[in-house]
Amino acid sequence: LHACTMRLSGCPHSQSVRGRPGSADGHRHRHACVLRATATPSLALASRRTMRPSQDLAAAEKQLLDVLRTAGKQPLSEEQNEQVDQAVALLEADGGIPRPTLPTAVPSLDGLWKLLWTSRPGTASPIQRTFTSVDAFSVFQEIDLTGEEARVNNIVRFGTAGYLKVEAQASTDSRPLQGFTPREGAGDFLWGVFGKSTSFPPARPDSRIDFQFDQAAFYFSFLPFSIPYPVPFKLLGDERKGFIDITYQAPDGMLRLSRGNKGSLFVLQRPAKEQLSVAIAAADDDRVLDLCEELEAQNPTPQPARSPLAAGTWRLIFTVQSASASALQKWGTKQARAFQIINTDGSVRNRVELGFVQLTARGECEPESDTRTSVAIQEAGLVLGEGALDKPIFLRFPGRTSTQTPGAPGWIDWLYLDEDLRITRGNKGSLFIHRRVPAEDA
């Protein structure tokens, strides 16, 4: 997509979309002006052609995400700023999911969100600007509007060392917090160390989450206890309060734009693991591979080949077969339900279900290193129909292995492993994504 410069034609309220209008009227006027925007060829030009609204939004989302992934946490160039401005203007003008803070909204806001980018204006607090600009830190937001108590929690992860969790009570139009009054002050406490706040009505109904911080703590992996965050929230009055406006939520629930009471624009996305399921369902192979690389870098299990988590029944949900994979393997993984059962005694069984025909292979596996498991297939069998044969007919391969080379077992490399998802690569180069089958369903 080409760079695009947004110009609000004849609009006295023209401004960057990363700014914050000072009133509700200004906010509504900005959206009206966006509809009269002119632009160099890119999203706006495409919109004037034959694109449907859903295609418009998809193109704007792609442009925004492409720019932000390219930039990382580095400052945006002038051209990148223009592309972000344009994409955000189009997305916010639409709004995405209507009334997103309702408990009945589909998809729900609830769950974990990862911060991709924030505008970090001068009105933001020094703490916020620091945490969101350090490459080693990852920032998440956890929303729960349907639980026993509505809450919004901000989480800053310090790599593998630990994290800071700042928790807040939440209040929405449909679920107001008893006794809560929204923030009114601008934020002059301690010469504005907590940043400068604004106050104005939300642009849309059921789109704002008011909150007040009530507790926070550091959690370090090398300590068996938490360390309280040294801020007495209850003594801060208005300074512990704020709000976030949901200005856009994608129809698939994977992307969100929010604006805070201190003027920041936040671009958030569901974590890579949740995006992976959506990309697989959409048959977006390129995105699946990108997400696999991202998850590999985030692997939470340091020695996956030796981990107890490796054992269990796993169902294959996605694969990319290498050129050296066998024709049967390439065909079977697309046509059948495939499972792998790894037992704690080192035995392994592969099962492929093709309607009333079932192929099964048995063998042994053992860790070869922290991240590699060797696999030796000893016999394969065929079952026709459920219960048709009391015992499957096995074809035995004495001395043979999965590579069909005597004495040289095949192997899988573990790229990612957690409680219910694994990503591996086989010795022939094929990539496999498996999801754990619950014990009661195995």
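Is Q141 buried or exposed? In this predicted model, Q141 is buried, with a relative accessible area of 10%, which falls in the buried class because that class takes in values under 20%. The residue lies in strand β4. Its side chain makes a polar contact of 2.8 Å with the side chain of R256. When neighbours within four places in sequence are set aside, the contacts of Q141 are G111, L112, W113, V152, N153, N154, I244, R256 and L268.

The protein as a whole has 442 residues, of which 47% count as buried. Its secondary structure consists of eight helices and 20 strands. Among contacts with a separation of 6 or more, 60% are between residues 24 or more positions apart.

In soluble globular proteins, nonpolar side chains tend to be buried together. The largest nonpolar core of the model comprises 28 residues, and those with the most contacts inside it are L109, L145, L164, I209, Y229 and F233. At least two residues of this core come from each of β3 (111-118), β4 (137-144), β5 (151-158), β6 (162-171), β7 (208-220), β9 (241-249) and β11 (265-269). The greatest contribution is that of β7, which gives five residues. Another core, of 20 residues, lies apart from this one and includes L57, L91, L257 and L265.

R256, the polar partner of Q141, belongs to one of the two faces of strand β10. Six of the six residues of this strand (residues 255-260) are buried, so β10 is largely enclosed by the rest of the structure. Burial extends to both faces, with L255, L257 and R259 on one side and R256, S258 and G260 on the other. β10 pairs with β9 in the antiparallel sense over five bridges, and S258 in β10 is the bridge partner of I246. These two strands form a hairpin with five residues between them, and G253 in the turn has a positive phi of about 75°. β10 also runs antiparallel to β11, to which five bridges join it; here Q269 in β11 is the bridge partner of L255. The hairpin of β10 and β11 has four residues between the strands, and G263 takes a positive phi near 90°.

Helix α6 (residues 272-281) has A272, Q275, L276, A279 and I280 as its buried residues. They cover an arc of only 135° around the axis and therefore lie on the same side of α6. An α-helix has 3.6 residues a turn, so residues three or four places apart point the same way. A283, which follows α6, has a positive phi near 55°.

Strand β13 (residues 337-342) has five of its six residues buried and is therefore largely enclosed by the rest of the structure. β13 pairs with strand β12 (residues 312-320) in the antiparallel sense over four bridges, with W314 standing opposite Q340 in β13. The pairing of β13 with strand β14 (residues 347-354) is antiparallel and spans six bridges. In that pairing, N350 in β14 is the bridge partner of Q340. β13 and β14 form a hairpin with four residues between them, where G346 in the turn has a positive phi of about 95°.

Note on methods. Residues numbered from 1 in each chain as written. Predicted model: local features only at pLDDT ≥ 70, side-chain atom pairs only at ≥ 80, totals over all residues. Heavy atoms only, no water. Core = buried A, V, L, I, M, F, W, Y, C linked by side-chain atoms within 4.5 Å. Buried < 20%, exposed > 50% of the residue type's maximum accessible area, 1.4 Å probe, protein only. Pairing = 2+ DSSP bridges. Polar contact = N/O pair within 3.5 Å; in protein donor to acceptor, adjacent residues only side chain to side chain. Contact = heavy atoms within 4.5 Å. Arc of directions from axis to C-beta.
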